[in-house]
Amino acid sequence: MDMSIFKKFEVRYSANEMIFCEFEPGNEFYLIQSGSVRVVKVINDVEKTLDVLKAGEFFGEMAILENAPRSASIIAYEDCVLLEFNKNNFEMLMKGQPQLAFNLLKILSKRIFDQRRRFMTLTIDDLEVKLYDVLLMLIEKQTNFGVLRPNTVIDANISDIAHWAGIPENECKSVLEKIVSKNKIEILRDQIVVKKPDSLKRTVSQYRKSN
């Protein structure tokens, strides 16, 4: 997609500058062109950085789609350039450049699912359950929501799992080794075999019901 046409939608933020706050109403969503931002949320009265979003990722889209208040705060992690869209200019884009708008909507719909699904994972405090959910999420992405089957192979390594879980790699490795000892997964060089995905799903479901 030729991004030069979106030049008029550019906004810039300096490192550590607040872009918007949790719970405030919102009328805009953003696509990161360069730099990165932190997703910050207060959980049990403690401020936590849930994620760091980088170039090519969206945030704030639910303000447009559901008229919902902001579900988290967004702070510039470094100097960044964003494309800022609201209902009015997005409608103008759809009328003036329908193919570009359609392509953007396709990207946006995928990003919305990925970010909402990952947000569900990041709010899990129990590290073992968190990694179960990461593995399930990667199965969903890889199999297009297919039936969970024994010995499903995921194209991911420990570094990938740590990234999706938002935890240090050494901590992730330690928890994964614990899961291996329970005979739930097998770690290969650049793949992970999930031996009992149904068991992982039951554990995650039980955790969510009790929390």
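Predicted model: local features only at pLDDT ≥ 70, side-chain atom pairs only at ≥ 80, totals over all residues.
**View A. The largest pocket and the residues that line it.** The largest pocket has a volume of about 460 Å³, and of the 22 residues in its lining, Glu-61, Met-62, Ser-71, Gln-115 and Phe-119 lie nearest the centre. Strand β5 (46-54) and the helices α1 (62-65) and α3 (98-122) each contribute at least two residues to this lining, with the largest share, five residues, coming from α3. Sorted by class, the lining of the largest pocket consists of 13 nonpolar, three polar and six charged residues.

**View B. The second largest pocket, with lining residues from domain 1 and domain 2.** This pocket holds about 330 Å³ of space and is lined by 19 residues, among which Thr-49, Leu-50, Leu-122, Ala-165 and Gly-166 lie nearest its centre. At least two lining residues come from each of β5, α3, α4 (127-143) and α5, and β5 gives the most, with six residues. Domain 1 (4-96) and domain 2 (120-210) each supply at least three residues of the lining, whose composition by class is nine nonpolar, four polar and six charged residues.

**View C. Ala-162 in helix α5.** Ala-162 lies within helix α5, which spans residues 158-165, and it counts as buried because its relative accessibility is 5%, where the cut-off for buried is under 20%. Apart from neighbours within four places in sequence, Ala-162 is in contact with Ile-167, Pro-168, Glu-169 and Cys-172. Between Ala-162 and Leu-50, which are 112 residues apart in sequence, the C-alpha to C-alpha distance is 13 Å; Leu-50 is also one of the residues nearest the centre of the second largest pocket.

How values were computed: Residues numbered from 1 in each chain as written. Heavy atoms only, no water. Helix = DSSP H or I, 4+ residues; strand = E, 2+ residues; numbered from the N terminus. Buried < 20%, exposed > 50% of the residue type's maximum accessible area, 1.4 Å probe, protein only. Contact = heavy atoms within 4.5 Å. 1 Å grid on protein atoms, 1.4 Å probe; cavity = no way out; pocket = protein on both sides within 12 Å on 5 of 7 lines; lining within 4 Å. Points joined across faces, edges and corners; volume = space filled by probe spheres on them. Nonpolar A, V, L, I, M, F, W, Y, C, P; charged D, E, K, R; others polar. Domains from an automatic or database assignment.
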